[in-house]
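Please keep the sequence and the model in view while reading.

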Amino acid sequence: MRPLGRRLQRATGLSTAEYEVLVNLDKAPCGELRVLELAAAMEWEKSRLSKQIGRMVDRGLVARQPCPTDQRGALLALTGAGRDAFVAAEQVHLEHVRELFFDALEPDELVALGDIAAKVLAHVEAADAPA
């Protein structure tokens, strides 16, 4: 993952953590999530996310907004600059993933990898299911 992160940083100026935040906000309805929802989606501690968000607010990539349904909570939203950065980085990131992970494999190996990944994911889901 480190080579992938270094390539992303060099090509786009975004760290892997910033890209992950932008991905989650882009997937969210209206490009907004509550801080706790984003922390849960990313499986990060709230303190780690707060520091990351502070840096991203300073860079103009995301904005904190009051939550209309909870006066104690805050919404995080993509800014125009954040959306532009994500759109530009998304294609670059996908190209890097292809180059680093998939270009090394033959077509039959890709099929086998897909089969193995599906089997492992099913096993993990079954093991993680409530009893």
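Predicted model: local features only at pLDDT ≥ 70, side-chain atom pairs only at ≥ 80, totals over all residues.

Residues are numbered from 1 along each chain as its sequence is written, and side-chain values use heavy atoms, with hydrogens and water left out.

**Overall fold**

- The chain has 6 helices and 3 strands, taken as DSSP runs numbered from the N terminus (helices H or I, at least four residues; strands E, at least two).
- Read from the N terminus, the order of elements is α-α-β-α-α-β-β-α-α.
- The C-alpha trace spans about 55 × 45 × 25 Å along its principal axes.
- Of the 131 residues in the chain, 30% are buried (under 20% relative accessible area, with exposed over 50% and partly exposed in between; 1.4 Å probe, protein chains only).
- Among contacts (heavy atoms within 4.5 Å) between residues at least 6 apart in sequence, 55% join residues at least 24 apart.

**Nonpolar core**

- A nonpolar core is a set of buried Ala, Val, Leu, Ile, Met, Phe, Trp, Tyr and Cys residues joined through side-chain atoms within 4.5 Å.
- The largest such core has 23 residues, of which Val-21, Leu-22, Leu-25, Leu-38, Leu-49, Ile-53 and Val-62 touch the most other members.
- At least two residues of this core come from each of α2 (16-27), α3 (35-42), α4 (46-58), β3 (70-78) and α5 (80-102), and α2 gives the largest share, 5 residues.
- Leaving aside residues up to four places away in sequence, Leu-38 touches Val-21, Asn-24, Leu-33, Leu-49, Ile-53 and Leu-76.

**Helix α4**

- The buried residues of α4 are Leu-49, Gln-52, Ile-53 and Met-56.
- Seen down the axis of α4, these residues fall within an arc of 100 degrees, so they line one face of the helix; the arc is that of the directions from the helix axis to the C-beta atoms.
- Their cover includes α2, α3, β2 (62-67) and β3, whereas Lys-51 and Asp-58 are exposed on the other side of α4.
- Just after α4, Gly-60 takes a positive phi of about 80 degrees.

**Selected side chains**

- The charged end of Arg-48 sits over the ring of Trp-44, 3.7 Å from its centre (the criterion is NZ of Lys or CZ of Arg within 6 Å of the ring centre and within 35 degrees of the ring normal).
- His-93 lies in helix α5 and counts as buried because its relative accessibility is 16%.
- Not counting residues up to four places away in sequence, His-93 touches Leu-4, Leu-8 and Tyr-19.
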